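Morning, everyone. I'd like to walk you through one interface today. Here it is on the screen.

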Protein chains: 2
Amino acid sequence: MESLKQRILEEGKNLGRGILKIDSVINHQVDASLMLEAGAEFARSFAGAKPTRVLTAEVSGIIPAMATAYAMGLPLVYARKHKPITMQEPVFVEFAPSHTKGGAVSLMVSPEFLAPGDRVLIIDDFLATGQTIAAMARIVENAGAEVVGIGTLIEKSFEGGRALLGSLNIPIVSLVIITEMRPDGTIIIKE
Amino acid sequence: MESLKQRILEEGKNLGRGILKIDSVINHQVDASLMLEAGAEFARSFAGAKPTRVLTAEVSGIIPAMATAYAMGLPLVYARKHKPITMQEPVFVEFAPSHTKGGAVSLMVSPEFLAPGDRVLIIDDFLATGQTIAAMARIVENAGAEVVGIGTLIEKSFEGGRALLGSLNIPIVSLVIITEMRPDGTIIIKE
């Protein structure tokens with residue numbers, strides 16, 4: 001997606017150790033139009049997979065996932081990291097090591113919103129180590145549903161997430177793929 | 001907003017003590033089309049206020065706020081509750097007592113995305129005690145910007161938020177106003 005690529009090159013900051021600061025576009029400030037454009041792009045990519053539901057994890061996955069759900073006319077479910085008092089048990093819960101926070105985060109989805117037979121499209125902002133997406137895929141499997149696609153805005157291919165998720169044999173689409181983040185601050189994007 | 005009102009009457013659950021479970025529509029599962037419709041409604045309500053920016057707080061405010069930002073062609077900023085490693089200091093920070101979690105939550109906004117002169121439209125999912133929105137309003141004031149409108153999907157008028165925020169002298173629009181949640185489970189919505 002050329003528009004997202006340009007924004008990363010213009011506004012993205014390489015903070016070192018593979019950390020990309022892109023919070024003028026996605027993570028703190030959000031360009032809503034650009035995100036709707038990304039959602040439409042995911043809708044085109046995954047129309048053939050016939051998903052019945054879009055799944056993401058709070059917080060920053062919510063925005064591209066909502067845009068995708070809107071473009072496809074599907075319900076969105078976002079996995080909760082903290083259990084709100086309105087969440088009824090039992091829930092599906094899996095744990096993922098956190099890249100940016102340290103420790104492990106819990107991801108919870110209520111069986112009310114993930115049913116056997118559901119065809120689930122997982123959308124997230126980043127594909128890095130793939131651990132968060134793998135945890136979401138386990139939740140889908142535990143619910144007796146099926147993951148039919150994985151879409152991310154930005155993949156950092158040097159962190160190995162695509163290899164980790166490869167065993168799932170599911171199509172993975174990343175709108176921008178960063179192949180290298182150099183110590184001098186340069187960000188290299190796959191053409 | 002008639003469509004949201006109907007969804008609350010059909011799917012909302014009164015859990016007692018003023019707690020509304022509406023996580024099939026807003027808080028866990030999300031109806032993206034309905035949220036875009038809500039965003040368009042806020043855009044109509046606040047067009048005259050000429051906002052330059054939409055502000056909300058993670059997590060569940062993000063969805064209606066993104067829809068509003070999209071409808072108005074404005075950038076969205078969401079206050080973070082946890083400081084990601086990509087957030088540069090100094091930040092504006094305020095604290096709000098949490099209705100559903102207990103304790104106080106921190107809300108942080110980077111000065112990169114909130115500037116003096118900004119005209120800020122605050123959007124959130126619920127108006128209950130008004131404490132979260134009041135904390136966002138303090139952040140806006142601390143940044144030298146101005147709150148020009150407050151929009152919420154659902155107001156629980158019996159929790160006093162509108163009175164708390166009244167001293168700000170800012171237009172408040174709630175798409176649905178719940179006036180009473182009875183012990184027998186009945187939810188009363190203002191016509």
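Which residue does A:Gln29 stand opposite in strand 5 of chain B? A:Gln29 stands opposite B:Val77.

Some housekeeping. This is a predicted model: local features need pLDDT of at least 70, side-chain atom pairs count only at pLDDT 80 or more, and totals for chains, interfaces and linings use all residues. Residues are numbered from 1 along each chain as its sequence is written, with chains lettered from A and ligands numbered from 1 in the order in which they are written.

Back to the strands. Strand 3 of chain A pairs with strand 5 of chain B, residues 76-79. The sense is antiparallel, over two bridges. Strands here are DSSP runs of E, at least two residues; helices are H or I, at least four; both are numbered from the N terminus. Pairing takes at least two DSSP bridges between the strands.

Now the whole interface. 36 residues of chain A are in contact with 36 of chain B. Contact puts the C-beta atoms, placed from the backbone, within 7 Å. On the chain A side, strand 3 (29-30), helix 2, helix 3 (62-72) and strand 5 (76-79) each give two or more residues. Helix 3 of chain A gives the largest share, five residues. That side divides into 19 nonpolar, 10 polar and seven charged residues. Nonpolar covers Ala, Val, Leu, Ile, Met, Phe, Trp, Tyr, Cys and Pro; charged is Asp, Glu, Lys and Arg; the others, Gly among them, are polar.

Notes: Contact = placed C-beta atoms within 7 Å.
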